[in-house]
Amino acid sequence: MSSGFDFLSKAVEVAQANAWPVAATASPRRKIISVSAKDWYRAAELLEEAGGVYLIFISAMKLKNKLFVLAEIKSVTMDCISLRTEINAGDKLGSLNVIWPQADWHEQEVFESFQVEIEGVSRNKKLFRREEKPLEH
Amino acid sequence: MSTRLNWSPGVVAGRKMATGPFSVEIEEDSGLIADAKFGIGYIHRGIEKQLTFMPYSIGSAYAEKVDFIAAPTYALAFVGAVERLAGIEVPRSAQYARVLLLEINRIYSHIFSIAEFSASIGHEPAMQFSLRTMEKYKDLFELYCGSRLGFGAIRLGGVFAEVTEGFLFRTEKALTDTKKYLEELDTLIAHNPLVEQRFRGLAPTGLSKGNAFGLTGPILRAAGVSTDLRFSGGYLIYQELKMEPPPIWTFGDDVWGRFLQKIFEIEQSIGIIGAVIHSLPRGAHAIPVGLDFIAAEGEWLETIEGPRGQINCLVVSEGKKSPVRVKFAPPSLSAVRILPKILRANRVEDLWPVVASLDISISEVDR
């Protein structure tokens, strides 16, 4: 399906305008944009305006002893941008719930599984029903 | 005066109100739902974490447990990501076999959903006929790979075994029986004015105003949004079947429309299976992949069209025998998120039909 709309090119333009590194992946339809923790919300907002209408998931992973939070954002043409940020001690991320309403459960899962502080995430009710030590990945 | 009603996870799962345990709390006011809260986490097994301990070649055995109803589909999501990462070219005969197994799985899943919906409205005959037809597809999976739910059917590098003439014969018989079942369903529910009157216009998702929750699959297609990765995504050999993308019938963005969409997609899958059977090439069923298989360093996000919607699987490799991170994004998570919104101001007795119409698999929400 081709509609002439190129989400990846627009996303790369946004990244270059803000001096955010862009990395290719094994897939030609997916790229990685790396931002700092303080730019997390703004980058997500700009990508949504560039055509990233679908938030696939927000999650975290440990790569080479570094903790990254990633958000997979897709356009209507199913091209994908992986927005990524490295989390250091004391870093807090802005919640993406305002942009994509479904983000809150993903962010809750990231908090419970990886102890990443995300502003606006409720601590009162656990998603995974465990009141004692959170899961560790 | 409002009343709080609780359904515990055991009651929800035990009475087959949903495909798994999750808790339901609703605020009821004069018979209408004022607010609804859903809690998950009762079936969390840490599958994504377990996959990081397993060699790639047996990872599919864990991946398919994410959703027991769509086991081959989840197996494909995981092995597809690994194969793309490693550059493994699956034999064409195995790709055709995979499409055959996936569409059999899709029909089975949709019939399961119809059985659930029929049970939620108290329509016992439709539920029993659906369960009877489901058994035929379980028999097919048992004939093929020994597991009635399709565990082990799709593996890294190909499929479990070569597709035999006997299996194709039994598949065609099952399709013939399914067409008779659809005629019965037509009489029992699909053309039953009482059922339609109750559910037409009930619980619209509001997709015409935007897809804020990221819904995919039959829920989206019922509302008239044309999106089906089988025809546009270019995975496996769907596009080689030269099937025209189906016309978008807007069955309606309501419980009734979602029910009719399931029936339509069963008919669609019957057509796809027929096309595969007539063009299935002979050849190897798999490329051997051993326990010491190592995927190249990198990552791949595989997206496939599952029975409930798009399944995304991210596999990240650091060049070792196991992935360093696996993440599944299931379609049912968006459906659970939208439930409180679409249930408000509806009757309490409509709660379970609405839940059943969204075809939620709690197993994949929780992982």
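Analyst: Thirteen residues, written as 13 in the count, line the second largest cavity of this predicted model, and those nearest its centre are B:Ser93, B:Glu162, B:Val163, B:Pro281 and B:Gly283. A cavity here is a set of points on a 1 Å grid over the protein atoms alone where a 1.4 Å probe fits but cannot get out, and lining residues have an atom within 4 Å of a point. Its volume, the space filled by probe spheres set on the points, is about 70 Å³. Helix H5 of chain B, residues 92-120, gives the most to this lining, with three residues; helices are DSSP runs of at least four residues and strands of at least two. By class, the lining of the second largest cavity has eight nonpolar, three polar and two charged residues, with Asp, Glu, Lys and Arg counted as charged, Ala, Val, Leu, Ile, Met, Phe, Trp, Tyr, Cys and Pro as nonpolar, and the others as polar.

For context, there are seven cavities of 30 Å³ or more. Of its 16 lining residues, A:Leu55, A:Ile56, B:Gly214, B:Asn312 and B:Ser334 are the closest to its centre. Strand E3 (54-63) of chain A, strand E7 (310-317) of chain B and helix H12 of chain B each supply at least two residues of that lining. The lining of the largest cavity divides into eight nonpolar, seven polar and one charged.

Residues are numbered from 1 along each chain as its sequence is written, and chains are lettered from A and ligands numbered from 1 in the order in which they are written. Local features need pLDDT of at least 70 and side-chain atom pairs count only at pLDDT 80 or more, while totals for chains, interfaces and linings use all residues, and side-chain values use heavy atoms, leaving out hydrogens and water.

Conventions. 1 Å grid on protein atoms, 1.4 Å probe; cavity = no way out; pocket = protein on both sides within 12 Å on 5 of 7 lines; lining within 4 Å.
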